[in-house]
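Please look over the structure below before reading on.

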Amino acid sequence: MKQLMQAIGHTFHDEGLLSRALTHSSYANEYLKNPHESNERLEFLGDSVLSVTVSHFLYTVFPDLPEGELSKIRASLVCEDSLARFAGEISLGDYLKFGKGEQQNGGSRRKSTVSDAFEAVIGALFLDAGLDAARDFILPFVKEALKDWDEEAFKDYKTALQEVVQQNPEESVEYVIVEERGPAHAREFVAEVHLNSNVIGRGVGSSKKQAEQRAAREALQLMGL
């Protein structure tokens, strides 16, 4: 507990809150015989604290972004993948308490489980020391994630292109993956976007979705948009 509190950067007045934040429902059911002793209620609270903290931070640091763009950035920061990555930075999965079956099935490595526990820790921090303590825990992860912020990740070029094309009902857009290359652990996809069978954009990405978005972006650039 002391080691984890050091990683979190907060000494709990009520260590029972942190202990509950680490308690998976399988452990609560199997050993405590009380499902209410799991971290699920703290996760519920932590989710709300996380959302308001990230929302306020983004509102402050991006004064010129519209609501839609702020929502996209927030969604990327509080999604399961991001929270699981944050949890990994403090090895949170190593501290979680599981029932035997869940432990054997690799619960500590499951993204959904560790991301939920990360939110539960936020909830525990909030109850133990208030919003400022929770914010001090959350924001370093958020700021670090934003260092790698790629504006492209928050732009939906495919939707923007579709809106342009829809102005002419007789025209249609189609995306075609024309090539897959590279080893299995580092695949690259090449996508083309066709307007009435004519290639108007081409993109390369580490996923089909990313390649299609980049193809749409190139098409919009060629259109002067």
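This is a predicted model: local features need pLDDT of at least 70, side-chain atom pairs count only at pLDDT 80 or more; totals for chains, interfaces and linings use all residues.

**Helix 4: length**
- Helix 4 spans residues 40-61, 22 residues in total.
- At 1.5 Å a residue the helix should span 32 Å, and its end C-alpha atoms lie 31 Å apart, so the two values agree.

- The buried residues of helix 4 are Leu42, Gly46, Val49, Leu50, Thr53, Val54, Phe57 and Leu58.
- They cover an arc of only 155 degrees around the axis, which means that they sit on the same side of helix 4.
- In general, an α-helix has 3.6 residues a turn, so residues three or four places apart point the same way.
- Arg41, Phe44, His56 and Tyr59 are exposed on the other side of helix 4.
- The cover over the buried residues of helix 4 includes helix 2 (15-21), helix 5 (67-77), helix 6 (80-89), helix 8 (111-129) and helix 9 (131-147).

**Gln3**
- Gln3 belongs to helix 1 (residues 2-8).
- Its relative accessible area is 56%, over the 50% cut-off, so Gln3 counts as exposed.
- Gln3 and Ile90 are 87 residues apart in sequence, yet their C-alpha atoms are 10.0 Å apart in space.

**Strand 2 and strand 3**
- Strand 2 (residues 188-195) pairs with strand 3 (residues 198-205) in the antiparallel sense, over 7 bridges.
- Glu192 has Arg202 of strand 3 as its bridge partner.
- The hairpin has 2 residues between the strands, and Asn196 takes a positive phi near 50 degrees there.

Terms used: Residues are numbered from 1 along each chain as its sequence is written. Side-chain values use heavy atoms; hydrogens and water are left out. Helices (H or I, at least four residues) and strands (E, at least two) are DSSP runs, numbered from the N terminus. The expected span of a helix is 1.5 Å times one less than its number of residues. Buried means under 20% relative accessible area, exposed over 50%, partly exposed in between (1.4 Å probe, protein chains only). The arc is that of the directions from the helix axis to the C-beta atoms. Contact means heavy atoms within 4.5 Å. Two strands pair if DSSP finds at least two bridges between them.
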